[in-house]
Amino acid sequence: MPLRSIVVAALITLLASGIAPIALAKMPTMAGMTQSRGVTQGVGGQNELLWSKARQTLTASIHEGWVHGRTVSFRGRTITLRIVANAPHHHDMSFEAGGLTNPTISVDQGSQITLTLLNMDYGPGMAHGIVITTKGPPYPPFPDISHTQTLARIPSLAPRSERRLTQARYAEASVRFRAETPGTYYYVCPTPGHAEDFRMYGRFIVRSRR
Ligand SMILES: [Cu+2]
């Protein structure tokens, strides 16, 4: 790991509690939470999942969509898109969908999309979020992508609570948006250093209906 990455990782560790919208260890005591079948629903639509539910999201993310080459395509007016940060057996610091690492994701213009992000990563600084933006790479160490055209945003989610997959609790959040304007966008991790140093991003294509 290059020195700059180590410094960034250390900074992230210091900032982690501030970056992550939820702190898993504190979640059971948060007000307004409900528990059902392995999912603890938090305020702001962020959920804490047991392994049984996290595994369902992981499996769905692998099998949904049509994989061709390095692209996962989704068809239809209503799309459920599940992206996993750091799925097991993939590169560190990456997104997975369709069983691919940082694939190009393609949707139809006008489609209503429910995007879910599940963070399966573990360790200090391993908070991951997602922003779909017109701003392409290269990205600066602290990506300021809030001023560019943003289709959707899920703030960085805390890493899983335990090293063991089956024992851990996982942070997951969803956002709904409509893909109105055709073109090339990028889904990017907003956690400092992740896009720049680890290329934690991929292309997001909105196909024209014509
Ligand atoms: Cu990240």
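**Entry 1: Asn102.** I looked up Asn102 and found it buried, with 21 other C-beta atoms within 10 Å. I noted the cut-offs: buried takes 20 or more other C-beta atoms within 10 Å of a residue's own, exposed 12 or fewer, partly exposed lies in between, and C-beta atoms are placed from the backbone. The model is predicted: local features need pLDDT of at least 70, side-chain atom pairs count only at pLDDT 80 or more, and totals for chains, interfaces and linings use all residues. Residues are numbered from 1 along each chain as its sequence is written.

I then checked the backbone of Asn102. Its phi is near 45°, a positive value in a residue other than glycine. Asn102 sits in the loop between strand 8 (100–101) and strand 9 (104–108). Strands (E, at least two residues) and helices (H or I, at least four) are DSSP runs, numbered from the N terminus.

**Entry 2: His89.** I turned to His89, which is not a glycine either but has a positive phi of about 75°. I found His89 in the loop between strand 6 (78–85) and strand 7 (95–97). Is His89 buried or exposed? It is exposed, with 7 other C-beta atoms within 10 Å.

**Entry 3: Pro138.** I looked at the peptide bond from Pro137 to Pro138. It is cis, with omega near 5°. Pro138 belongs to the loop between strand 11 (128–133) and strand 12 (150–157).

**Entry 4: Val107.** I went to strand 9 and picked Val107. Val107 is buried, with 24 other C-beta atoms within 10 Å. Which residues does Val107 touch, not counting those up to four places away in sequence? I listed Phe74, Ile79, Ile113, Ala179, Val206 and Arg207. Contact here means C-beta atoms, placed from the backbone, within 7 Å. Phe74 is 33 residues from Val107 along the chain, yet their C-alpha atoms are separated by 5.1 Å.

**Entry 5: the core.** I looked up the largest nonpolar core and found 46 residues in it. Such a core is a set of buried Ala, Val, Leu, Ile, Met, Phe, Trp, Tyr and Cys residues joined through C-beta atoms within 7 Å. Ile83 is one of the residues with the most contacts inside it. Beyond its neighbours within four places in sequence, Ile83 contacts Ser61, Phe95, Ala97, Leu115, Leu117 and Ile130. In soluble globular proteins, nonpolar side chains tend to be buried together.

**Entry 6: the whole chain.** I counted three helices and 15 strands in the protein chain. Of its 210 residues, 41% are buried. Among contacts between residues at least 6 apart in sequence, 70% join residues at least 24 apart.

Technical notes:
Contact = placed C-beta atoms within 7 Å.
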